[in-house]
Amino acid sequence: MTITKLIIPAAGNGTRLGVHWVAKPMMPFFIEGTILPAIGLIVREAIQAGITDICVIVNDSNKENIEEYFIREKEKGNYETVNFTYIIQKEKKGNAHAINLAKNFVGDDENFAVAFPDDLFDSDCLELPLQQLIYQHETTKKCAVGCLRVETKDISKYGIAKTNENGDIVDFVEKPQPSEAPSNLAGIGRYIVPRQFFNVMENLPKGAGGEYQIVDAIKELILQGFNFMAYPYKGVTYLDTGNPYAYAKAYLIFAMQNLEDAELLLTEAIKTIPSETMIRVLNEVYGKKESHKSLVRKLP
């Protein structure tokens with residue numbers, strides 16, 4: 001069965017990002033001459049992948065902001081092919097707890113997709129990560145975790161998978177120390193999950209951080225006999241947005257794809273990103289190019 005339903009856990013408060021003036025999933029990016037929020041990028045990716053129904057897990061403070069954005073966009077003729085459902089996560093008990101709130105939304109569908117708006121991708125190919133993952137699921141009939149290899153120093157930030165010779169996950173550990181990690185293969189951002197996830201959640205113990213983690217739920221599903229492929233994304237650059245420097249870097253990578261809009265980029269960027277952070281990113285990522293050096297000189 002084709003996957004048509006997506007859950008977006010978007011109830012985070014942006015504590016690591018240090019942002020208080022805008023809902024975390026609404027953090028803006030300057031792309032193709034327009035401003036899009038992170039969650040808007042996820043929905044564009046979902047539409048490309050054939051998703052028709054999206055459940056956004058929100059909190060009390062960001063629900064109105066997110067819902068009004070999509071209402072306005074639909075009035076403009078955008079996102080017309082998808083239907084939105086909103087569920088409030090009143091208590092922060094982890095990403096698996098957030099997903100579990102959408103049990104009625106998933107209904108009788110055999111499988112569903114999950115995408116985290118913290119995890120964005122710049123793609124060199126036509127197929128974005130969610131479409132890649134759904135295609136692999138439809139081809140292999142396996143559930144799937146989108147994965148990338150990470151550096152040793154970053155292992156403790158992610159769920160880390162151990163795979164067999166077929167690329168199936170045999171062990172999955174949430175945020176292990178590098179010395180205890182089964183590999184450096186990290187599950188990042190996109191998942192294809194069976195509806196039996198909700199059965200597992202009935203008895204799932206709390207995991208890392210004292211919260212219910214999707215990694216632990218998947219590990220239990222694997223123990224019950226479900227096959228999860230560790231799918232390595234093709235042709236993408238992973239853009240974390242969970243801290244100020246990572247967000248600034250992601251913002252600039254998207255924006256710099258069109259240098260003709262550089263002046264507008266600066267105007268918008270300084271509303272969002274401190275100048276010192278912007279200068280650091282420009283120097284580290286783009287410093288060797290004269291066009292970007294000129295942008296550094298223009299920053300206040």
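"How many nonpolar, polar and charged residues does the lining of the second largest pocket have? Before I answer, please keep in mind that what we are looking at is a predicted model. By class, that lining has 10 nonpolar residues, 2 polar ones and 7 charged ones.

Let me stay with this pocket for a moment. The second largest pocket has a volume of about 470 Å³, and among the 19 residues that line it, Asp 154, Tyr 158, Tyr 238, Asp 240 and Lys 249 lie nearest its centre. At least two lining residues are supplied by each of strand 8 (143–149), strand 13 (236–240) and helix 8 (244–255), and it is helix 8 that provides the largest share, with 5 residues.

That brings me to helix 8 itself. Helix 8 has 12 residues and reaches 16 Å from its first C-alpha to its last, which is close to the 16 Å expected at 1.5 Å a residue. Helix 8 is also mostly covered, with 9 of its 12 residues buried, including Tyr 247, Ala 250, Tyr 251 and Phe 254.

Now to the nonpolar cores. The largest one has 59 residues, and those with the most contacts inside it include Leu 6, Phe 29, Ile 54 and Phe 84; helix 8 gives the most to this core, with 7 residues. Apart from this core lies another, of 36 residues, with Ile 7, Cys 55, Ile 99 and Val 106 among them.

Notes
Residues numbered from 1 in each chain as written. Predicted model: local features only at pLDDT ≥ 70, side-chain atom pairs only at ≥ 80, totals over all residues. Heavy atoms only, no water. 1 Å grid on protein atoms, 1.4 Å probe; cavity = no way out; pocket = protein on both sides within 12 Å on 5 of 7 lines; lining within 4 Å. Points joined across faces, edges and corners; volume = space filled by probe spheres on them. Helix = DSSP H or I, 4+ residues; strand = E, 2+ residues; numbered from the N terminus. Nonpolar A, V, L, I, M, F, W, Y, C, P; charged D, E, K, R; others polar. Expected span 1.5 Å × (residues − 1). Buried < 20%, exposed > 50% of the residue type's maximum accessible area, 1.4 Å probe, protein only. Core = buried A, V, L, I, M, F, W, Y, C linked by side-chain atoms within 4.5 Å.
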